[in-house]
Protein chains: 4
Amino acid sequence: METINMIRFESDYTEGAHPQIIDALVRSNEEQCPGYGVDRHCERARALIKDLCGNPNLGVEFLVGGTQANVTVIDAMLHSYQGVFCVETGHINVHETGAIELTGHKCLVVPGVDGKVPAEEVRKAYKAHWRSADHEHMVQPGMVYISSPAENGVVYTKSDLIALRRVCDECGLYLFMDGARMGYGLMSEGSDLTLADIAELCDVFYIGGTKVGALFGEAVVFKSREMHRSFRYAIKQHGGMLAKGRLLGVQFETLFEDGLYFTIAKHAVDCAMKIRRAFETKGIEFWNNSTTNQQFPILTNEQMEYFTNAGFSYAIWGEAEDGSGRTIVRFCTSWATKSENVDALVAAIEKM
Amino acid sequence: METINMIRFESDYTEGAHPQIIDALVRSNEEQCPGYGVDRHCERARALIKDLCGNPNLGVEFLVGGTQANVTVIDAMLHSYQGVFCVETGHINVHETGAIELTGHKCLVVPGVDGKVPAEEVRKAYKAHWRSADHEHMVQPGMVYISSPAENGVVYTKSDLIALRRVCDECGLYLFMDGARMGYGLMSEGSDLTLADIAELCDVFYIGGTKVGALFGEAVVFKSREMHRSFRYAIKQHGGMLAKGRLLGVQFETLFEDGLYFTIAKHAVDCAMKIRRAFETKGIEFWNNSTTNQQFPILTNEQMEYFTNAGFSYAIWGEAEDGSGRTIVRFCTSWATKSENVDALVAAIEKM
Amino acid sequence: METINMIRFESDYTEGAHPQIIDALVRSNEEQCPGYGVDRHCERARALIKDLCGNPNLGVEFLVGGTQANVTVIDAMLHSYQGVFCVETGHINVHETGAIELTGHKCLVVPGVDGKVPAEEVRKAYKAHWRSADHEHMVQPGMVYISSPAENGVVYTKSDLIALRRVCDECGLYLFMDGARMGYGLMSEGSDLTLADIAELCDVFYIGGTKVGALFGEAVVFKSREMHRSFRYAIKQHGGMLAKGRLLGVQFETLFEDGLYFTIAKHAVDCAMKIRRAFETKGIEFWNNSTTNQQFPILTNEQMEYFTNAGFSYAIWGEAEDGSGRTIVRFCTSWATKSENVDALVAAIEKM
Amino acid sequence: METINMIRFESDYTEGAHPQIIDALVRSNEEQCPGYGVDRHCERARALIKDLCGNPNLGVEFLVGGTQANVTVIDAMLHSYQGVFCVETGHINVHETGAIELTGHKCLVVPGVDGKVPAEEVRKAYKAHWRSADHEHMVQPGMVYISSPAENGVVYTKSDLIALRRVCDECGLYLFMDGARMGYGLMSEGSDLTLADIAELCDVFYIGGTKVGALFGEAVVFKSREMHRSFRYAIKQHGGMLAKGRLLGVQFETLFEDGLYFTIAKHAVDCAMKIRRAFETKGIEFWNNSTTNQQFPILTNEQMEYFTNAGFSYAIWGEAEDGSGRTIVRFCTSWATKSENVDALVAAIEKM
């Protein structure tokens, strides 16, 4: 259902790609490249990413989408009898049509705090597993899956990540970060993490392009070279090996050669925070303290109607947990959000 | 390994996309569309394809790549205890890293003739299965998988397809055509099939975009609406649902709104046949009677060297079966092949 | 860890088989039978079960164990993109090491009441699924899995089952009953169901032998003949086809030819209820109102110690939910429980 | 279809268990044991097997059947993108309804010699894989699967096994021996292997009970303790963990405490060789030089009829490869074969 002429804030993948990426694709279109991600654009993008991560020994591969990245990483790294810790609302647990289960792995839900996986809950669940007399009757934990920003826009801090690293080392678990919106996290005022921190603290993570400027594409980064060697088999086996792999190379090259990735992510976050502050000024409550490109004000039906009538679209997220009958909605910005549209929305909020 | 300055004939996916497709992507880049293939471009592309197939009741979905299309179709349509008939050289049997097996289905090899699945061999294998006293100890046949053109460039004729349809009806098997290179088949002088014939005779097939003008994309076409309803679950579960689905819609819209798909495929086939005839004139033998964009002359080492030195790249396919020590090589054209490069190659052949 | 000389009430599979079953196995040992469950013992057992179910058109197959039965039924009946509703504590969700996920199906947890799946929760979850705009991003519901007795000893009543049947018919879902302890349910005073009721109301269920008199064995009963025809493939594919299938035939023949299954189950339930009443007389609270062979009194540490010192073993189930520090324990009887041991336990309870 | 009053030579699992095993099961029936294979019978059987293998560090687990053992071992040891080398006629490739594929692994067929996997073919296939430019598009080899005796009764010799061990070490492949009929191989005059040799040369193997005296049961033996630790998860996940695991313990204890396994296997082999020699004396050709309990004479239709009319059953194996219209049949002995029946058959052969 497409509604015309709305100013859209409901998701961060409504447009195509950043103009510089489009330009690069047009420019390289006639080049003859070998297929499957071994061309010079992919090689250069790999080098740029390893450089930013400060580690020449990383392995970098490019996949088209997030579900694909999640399932390929998880299935490639875990033994068949192992599962993956995540929160109830984890993308892999809820919104991937059982893709993880399709390849035989169970999502092992731990209680989240603020949408994040607390290190202490991992430790507790892990110990409970092995203490159990019949642990072999339950799925063996093998990995911790986190998203930063999480589904609710909240970011993991450096101390969150250090704590998770510690428990993973203690327990022999892999730490995997889904970074579908990583750019918006890195440029958030709530984040004290760099790409190099993430590369040091996680066993594997990916840098999302789809939601941060690219037409599509996720760059999976591995610490272990051994894993990396076999990961390309897993990509092909999961149907994720793009024939014209150069398309991924060209896009990530463009995103990382001059810091475009960070510039455009910052723009989105700035827009989102402007919107947040406008709502706060009007005394509107928020679902959480997201500092990234997704903001979740809690609105009454009248307020929702007001914004719809004023021509702004947003996503319905759920009922307010306080039983007040209000609704949690999502206003979402992106690299493509126009400043004048943000200004218009802020004006509407002020007039509310 | 990229060698510079060669005129490349080794594969049909070395370039990006046809300029009209690039233009369409650029033009639509700023549009705000809903994700996951329900936007107006996808809807229009669906309508165009159903129209060309002459059947408004078909289901059409778009996937990024061929392996993904194969595995998603097969896993969505078969019961878990069923397998799929194919030839030894079938792409699903050899070149997809066990993607079909990953989701639990076995490739059931039948003896091919000229790289194609003969209807009679399907009948024989099917009957042998059910006649066996312990048939439950073997994988139950559920589908016939064919590629047209096949891996070796040979096309199925209308009578081939009618015979397969008949045996599939007799045996309760699905007929699935992998059309990764379908355009080159449809425009081949060896083919008497139309898109409408294929849509009538197959239960499911796909029209390949990746190798015929698009950056990527395969349009899967279903006869059964029931299957179609659930197929989108299977796409998501297999990690194949593109967030910015509009990219697929825009490309197939462009390919089919003015017959571009057929024009560019014809160009490639014409180029290939020119090359074939030049070789034939020089008395060079061919591996088979391909009438599509892939041509397989059998060369001596000296001849191979000659072309390499002359600046033409090609793919090594295998040893000649006659024990002569010669090599089957592949010269491959595409929508992107330049006429002047074909002329240069033809001149080189003549001078050989 | 085996402790000697305890009177064991901790589980219902500590002994071998009922003596009549042992006799039948010894008697038939020298017979030469065809393998894989098509021998005359299996055929007779099938006939006896269909007779008791009052439906000659049912399909009956025999499997060795419960996890095997669960996973084979679920994987054979569901499409690959479908999942199965169950309660949080469902055996398939917790205690089968991800066997269901191994074959690609997700357990879709609905809120249980008293350990059972309420029909209304199924309806709600089903409707919520299809109402969702992005339902294809979530696992499609295909089946309802229930156990009766459930893990906590509680049985489904006829009206429970009729309500579930109704919602399954409305929604196009299969209804599957895990009957690992079915005998103890059927003979319970809390149950108003007959085997014929179950056969009429469920699409598929199994009658557990392992915990009710047999060395091993579960009899899977199907309503659909079509499913039944292919189910033997699924059994073999899941590694569950017993070479000497006659062993299952002989056991179920013995259990059902003279009502042995019901007599021994009644004995176990009578023993359990005697124990329950003894505890109740002493004012001991129970976790729930189980009327089957598993009873869950809530004991203090002193009380637990008292029984251990008195030579009675039981299973630790969990902490009391009232925060009192007490423990839910399980006393479990079976067809093998000796009346004198029950009397001894009752005496100990009285002296407590 | 059961035919009465035939003397049956068509398979080696037509009877129940050896009387000593039945006795042991009867004797231990009332014992209360913990479930799932951690009881004292299993522990003793483990110790006996490790002793016979001459290696206290092995891991031993018991499974119910052969398909289950094959799939659980293969899935537990391989990465998801790896496959297993076997011969065309390998049990896993033909007669397990795609059980291996169900868990995502492809059978990689190498040309067999005399039904066995030649070390040199493994080396060739392995090298060809890694030499290929697009090896990631094919399944990565991870294991070699052999059966000894193979499907055709032929055994691997010590030098066969040493050669396979060497190539597996070179290539980083696991060596896995399916020993469903291992006893008949060990006691064959064609074999120079001991159980200790097998334990030294293979990474994992199993000792078949089902066809060698037991009601059911296969003892899987692992070299690696690390694998062994997680193997019990895999057993449960694949639905193979027997609740009353003691049944497996009791049977293997009986088979190995006094050499019963070897005595009864020798009896079967002696019977089979008597039959072979009788046929040979009459000038009957054999399909191969099996020295184990399966013998494959090549008979004319008249000869087949003669034996059927004389009351002897056998299995039809296939058409003679020489185009003579004769049939390869199988005469199969077992621990249960009665000497007087062998004498009767030999007499019939002589009178032929």
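Helices and strands in these legends are DSSP runs, numbered from the N terminus. The structure shown is a predicted model.

**View 1. Phe9(D) in a loop of chain D.** Phe9(D) belongs to the loop that links β1 (7-8) to α1 (19-28) of chain D. With a relative accessibility of 1%, Phe9(D) counts as buried, because buried means under 20% relative accessible area. Apart from neighbours within four places in sequence, the contacts of Phe9(D) include Ile275(D), Phe312(D), Ser313(D) and Tyr314(D). Also among them are Arg330(D), Phe331(D), Cys332(D) and Thr333(D), as well as Thr337(D), Asn341(D), Val342(D) and Leu345(D). Asn341(D) lies 332 residues from Phe9(D) along the chain, yet 9.4 Å separates the two C-alpha atoms.

**View 2. The open sheet of chain A.** Seven strands form an open sheet with mixed pairing, in the order β2-β8-β7-β6-β5-β3-β4 (chain A). Its edge strands, β2 (59-63) and β4 (107-110) of chain A, each pair on one side only. On average, and with direction ignored, neighbouring strands of this sheet are turned by 25 degrees against each other.

**View 3. Strand β6 of chain A and its two partners.** Strand β6 (residues 174-178) of chain A is mostly covered, four of its five residues being buried. Pairing between β6(A) and strand β5 (residues 140-147) of chain A is parallel and extends over five bridges. Within this pair, Val144(A) has Leu175(A) in β6(A) as its bridge partner. From β5(A) the chain passes through helix α7 (residues 158-171) of chain A to reach β6(A), a β-α-β crossover that is right-handed. Strand β6(A) also runs parallel to strand β7 (residues 204-208) of chain A, to which two bridges join it. Here Met177(A) stands opposite Phe205(A) in β7(A).

**View 4. Strands β3 and β5 of chain A, with helix α6.** Strand β3 (residues 82-87) of chain A runs parallel to β5(A), and four bridges join the two. One of the residues in this pairing is Gly83(A), whose bridge partner in β5(A) is Pro141(A). Helix α6 (residues 119-131) of chain A lies across β3, β4 and β5 of chain A and runs at about 165 degrees to β5(A).

View 5. Helix α3 (residues 66-77) of chain A lies across β2, β3, β5, β6, β7 and β8 (218-222) of chain A. Relative to β6(A), helix α3(A) runs at about 175 degrees. Thr72(A) is located in this helix and, at 0% relative accessibility, counts as buried. Beyond its neighbours within four places in sequence, Thr72(A) is in contact with Leu63(A), Phe231(A), Ala234(A), Ile235(A) and His238(A).

**View 6. Packing of helices α11 and α12 of chain B.** Two packed helices are described by the angle between their axes and the distance between the axes. For helix α11 (residues 246-257) of chain B and helix α12 (residues 260-281) of chain B, the axes come within 5 Å and cross at roughly 75 degrees. Helix α11(B) is therefore roughly perpendicular to α12(B). On the side of α11(B), the contact is made by Thr254(B), Leu255(B) and Phe256(B); on the side of α12(B), Leu260(B), Tyr261(B), Phe262(B) and Ile264(B) take part. By class, the contact of α11(B) with α12(B) comprises six nonpolar residues, one polar residue and no charged residues.

Conventions
Residues are numbered from 1 along each chain as its sequence is written. Chains are lettered from A and ligands numbered from 1 in the order in which they are written. This is a predicted model: local features need pLDDT of at least 70, side-chain atom pairs count only at pLDDT 80 or more; totals for chains, interfaces and linings use all residues. Side-chain values use heavy atoms; hydrogens and water are left out. Buried means under 20% relative accessible area, exposed over 50%, partly exposed in between (1.4 Å probe, protein chains only). Two strands pair if DSSP finds at least two bridges between them. A crossover is right-handed if, with the strands pointing away from the viewer, the path from the first strand over the helix to the second runs clockwise. Contact means heavy atoms within 4.5 Å. Axes are lines fitted to C-alpha atoms, for helices over the stretch in contact, and angles run from 0 to 180 degrees between N-to-C directions. Angles under 35 degrees count as roughly parallel, over 145 as roughly antiparallel, 65 to 115 as roughly perpendicular and the rest as oblique. Ala, Val, Leu, Ile, Met, Phe, Trp, Tyr, Cys and Pro count as nonpolar, Asp, Glu, Lys and Arg as charged, and the others, Gly among them, as polar.
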